[in-house]
Amino acid sequence: MAQKLIQTQEQKLVQQMRLSQQQMLQVHLLEMPLTELEENINAELDDNPALEKAENDLGQTENEGENELENGNEADDFDSLNEKEERQDALDSVLEGIEGDDAMPLPYANNHDNADYEETVYGDTTSFYDKLKEQMDMLMLTEKEHAVMEYLIGSLDDDGLLRKDLGTIGDELAIYHNIDISEPELEKLLKLLQSMDPAGIGARSLQECLLLQVERMREDGRNDRLLDAMERVFKECFEAFKKKHWDKIKLQLGLNDTQTETLQREIHKLNPKPGASLGETEGRNMQQITPDFIIDTDDDGTVTFTLNQGNIPELKVSPAFNEMVKAYRGNKKSMSRQTKEALLYAKEKVAKAQGFIEAIKQRRRTLTLTMQAIIDWQRRFFQEGDESELRPMILKDIADKTGLDISTVSRVSNVKYAQTKWGTFPLRFFFTDSYTTGEGEEMSTRKIKMALKAVIEKEDKSKPLSDEALTKLMKEKGFPIARRTIAKYREQLNIPVARLRRG
């Protein structure tokens, strides 16, 4: 009985792994920006001879077909014919009884057509995540640790800091990814992330970010009294440091004027936003923006959108490989062992091709569903282009509206861009928190911040407004928010206190 129980558990585990692999593929493709997806599809076409481009998509539109030689497409035509020959060679190799993946076609010829979308390329196209993942791959991690580390990297915000607490991340991993991990284990992996470059990455606060950079200087062999003083500022005088009360810091640390000035200069060399030195945290380098969605707004206010397909071809399973699989199913009893092994190889490649095609379709469905929900929610913005018209909207709102997991919506919004009549924006731009007033009215925090910024820009610089005065003025303008909220939003806008704004 015990033996049968063990066998049953093993069978369930295998089924779960197969399901997990397909889900992981879907998540992996969903995270990719368009340019990376194109590369991935081309690589899959190279690796799997059972996966083919549909005949009506050979890198040209239908009305281009008659003039392809006149348009200088002789090389593309040759590449297409050459690719067919390569795939036929791969098929012949299978029929000869190949047991592995040795026979692979030569690199797929990519044809770049003119697109109806704007693509801005200025230089390096390596994404923020890629640079951290390259460092992660150099670490000796288990499969579970690798998955958790990747999730931590994906949870970093715009400045490269980790704003979520580890308890929340542990809950998300358990609920959405079926990964059970304790906080001490998460803490250990976070320390590994914080050991990556640039120094300060993965910190949970500005204070920790600056202390990590001082610690890195020590690790690099530097050890002097100036580092000790910097560390004391961040550990003992951090509140005074945030408010730029250097007179208090000078007094508390017993420094003279020269020492204080030297300390200030050295601290100014530190980077409060280490993510900025790696590029944009939202999934790609700031130097390249390729929209994943093309949104059109008609004069009558109708908002429609299309998915940017770029140079992505339509995919299909090779008919020849399909026939081989059918032949195997119908005649496997009379086949030799060598033939069975060859056809089993074909069956494996067909299954992999089908899974890849389904994952691409699932990606399109998820993107379409998410973008439509965002447009429905923020329709006024897409019609008017006024940022103040953005309604409060969080990931859960779109998850509830679409029926998708919050983690799925997060992955879509974290790495995708939308080209609109008013400019090209990351999807994260359309999400904004809400503030509920004492009367129960819900307001967009972005709208409040814009109003606050406008008030401060118009103030008399010889007599800048205190937070208390700003609170009263904002209430008169229809934003009844607390003074501490004014102070919080002012800091988020990088606007100093009144005494430092005096002109």
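With a relative accessibility of 9%, Thr-420 counts as buried, a term that here means under 20% relative accessible area, whereas exposed means over 50% and partly exposed lies in between (1.4 Å probe, protein chains only). The model is predicted, so that local features need pLDDT of at least 70 and side-chain atom pairs count only at pLDDT 80 or more, while totals for chains, interfaces and linings use all residues. Residues are numbered from 1 along each chain as its sequence is written, and side-chain values use heavy atoms, with hydrogens and water left out.

Thr-420 lies in strand β7, where strands (E, at least two residues) and helices (H or I, at least four) are DSSP runs numbered from the N terminus. The side chain of Thr-420 makes polar contacts, each defined as a pair of N or O atoms within 3.5 Å in which, within protein, one atom must be able to donate a hydrogen and the other to accept it, and for which residues adjacent in sequence count only if both atoms are side-chain atoms. This side chain reaches the backbone nitrogen of Trp-422 at 3.0 Å, and one of its polar atoms lies 2.8 Å from the backbone oxygen of Gly-423. When residues up to four places away in sequence are not counted, Thr-420 touches Ile-295, Phe-382 and Phe-425, contact being heavy atoms within 4.5 Å.

Strand β7 belongs to an open sheet of four strands, ordered β5-β4-β7-β8, in which the pairing is mixed; two strands pair if DSSP finds at least two bridges between them. The edges are formed by β5 (303-307) and β8 (423-426), each of which pairs on one side only, and the twist from one strand to the next averages 25 degrees. Between β7 (residues 417-420) and β8 the pairing is antiparallel and extends over four bridges, with Gln-419 standing opposite Thr-424 of β8. Helix α14 (residues 337-377) lies across β4 (293-297), β5 and β7, and runs at about 160 degrees to β5, where axes are lines fitted to C-alpha atoms, for helices over the stretch in contact, and angles run from 0 to 180 degrees between N-to-C directions.

In helix α19 (residues 467-476), the buried residues are Asp-467, Leu-470, Thr-471 and Met-474. Viewed down the axis of α19, these residues fall within an arc of 105 degrees and therefore line one face of the helix, the arc being that of the directions from the helix axis to the C-beta atoms. The buried residues of α19 pack against α18 (445-457), α20 (483-492) and α21 (498-501), whereas Lys-472 and Glu-476, on the other side of α19, are exposed.
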